Amino acid sequence: MGVGLALRKLDAETREGRLPLFTLGPIIHNPQVLEHYEKLGVHQENDPDAIPAGATVVIRAHGVPREIERGLRERGVSIIDATCPKVKKAQLLIEELASAGRKLLLFGEEDHPEVKGLVSYANAGAHVFGSIAALEALLETEIDKGDKFFLAAQTTQDRDVFESIVELLRRRLDPELPVHETICNATRQRQDEARSIAHQVDAMVVVGGYTSGNTRRLVDVARGRGIPCQHVEIADELDLDALAGKQRIGLTAGASTPKEIIDAVEHRLGTL
């Protein structure tokens, strides 16, 4: 839903011919889609200070740190906010509890754009961790048990792992720890479906951008089943020789993968 919303907003701007038109970072993590928009005259700019005053910038589904958005507005940049509503809700929930003096414990990828945006709303401070092992290390070294905390997650994280984190923190840190359920339902459903498919097949193929967090999570889910899994962006990257001896192959794709690319992969697998 968030991906579709962002692309519809960008499409509307390109139809109106509003130039110069920028996206702050890639509009979605799919290089084929980015190439399409580049041909339409949409410029990807990773440095917000390089976007000229008077230009129009589309903020992608991941959102941005609020100080960056504030700086763009102060410089007279016109902003089209395409932040996914689920991400925006997570930002506001984090701001609410942080304003009460609680520190954020965030399950996510520290360098991911969405995570940087979420952390910017945690006025009282934040600890980011990408695994249970990383959280346990924080509990031993950096987390002051005298502080008050709350837990949230990057919207594309694994729901099963998140539930284990909730149990761990309520056992070791605070039995009444406030928890924000910020993982997107569509993400959870896609992971559940990938897990179900992986139990029925001899190998999996996951289609999507290599930098796409939710796509990489699907790969982790499939490999967690203990079967071979290929992560490809396009059909030409398939290793058909490695799949030729398999009786049944599963196929899934990340949220930002265009249907025509998925169809092309399915067609190529059909040649086996």
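## Close-up views of salt bridges, cores and a domain contact

**View 1. E109, with a relative accessibility of 22%, counts as partly exposed.** Buried denotes under 20% relative accessible area, exposed over 50%, and partly exposed the range in between, computed with a 1.4 Å probe on protein chains only. The model is a predicted one, in which local features need pLDDT of at least 70 and side-chain atom pairs count only at pLDDT 80 or more, while totals for chains, interfaces and linings use all residues. Residue numbers start from 1 along each chain as its sequence is written, and side-chain values use heavy atoms, with hydrogens and water left out. The partner of E109 in a salt bridge is R217, with an N to O distance of 2.9 Å. E109 belongs to the loop between β5 and α5 (113-119) and R217 to helix α9 (residues 213-224), so the bridge ties together parts that are 108 residues apart in sequence. R217 itself counts as buried, at 8% relative accessibility. A salt bridge here requires a side-chain nitrogen of Lys or Arg within 4 Å of a carboxyl oxygen of Asp or Glu; the structure holds 15 of them. Helices (H or I, at least four residues) and strands (E, at least two) are DSSP runs, numbered from the N terminus.

**View 2. D160 and R195 are joined by a salt bridge between their side chains, at 3.6 Å from N to O.** Because D160 lies in helix α7 and R195 in helix α8 (residues 185-198), the pair ties together parts that are 35 residues apart in sequence. Both ends are partly exposed: the relative accessible area is 40% for D160 and 22% for R195. The two residues also take part in a salt-bridge network that links D158, D160, R188, D192 and R195.

**View 3. Within helix α11 (residues 259-270), D263 and K259 lie 4 residues apart, about one turn of the helix.** Their salt bridge brings the closest N and O atoms to 2.7 Å. D263 is partly exposed, with 33% relative accessible area, whereas K259 is exposed at 59% relative accessibility.

**View 4. The largest nonpolar core contains 18 residues, and L105, F129, L135, I143, L151 and L169 have the most contacts inside it.** Such a core is a set of buried Ala, Val, Leu, Ile, Met, Phe, Trp, Tyr and Cys residues joined through side-chain atoms within 4.5 Å. Two or more residues are given to this core by each of β5 (103-107), α6 (132-141), β7 (149-153) and α7 (159-172); α7 has the largest share, with 5 residues. Apart from neighbours within four places in sequence, the contacts of L105 (heavy atoms within 4.5 Å) include H127, F129, I143, F149 and L173. A second, separate core has 15 residues, among them V33, V42, V58 and A61.

**View 5. Domain 1 (2-83) and domain 2 (86-173) belong to a domain assignment that also gives domain 3 (185-270).** These bounds come from an automatic or database assignment. The centres of domain 1 and domain 2, taken over C-alpha atoms, are 28 Å apart, and the contact takes 11 residues from domain 1 and 12 residues from domain 2. About 890 Å² is buried between domain 1 and domain 2, 49% of it from carbon and sulfur atoms; buried area is the accessible area (1.4 Å probe) that two parts lose on being put together, summed over both. Of the area that domain 1 buries against domain 2, 58% is supplied by H62, R66 and T83, more than by any other three residues. The interface of domain 1 and domain 2 is crossed by 2 salt bridges.
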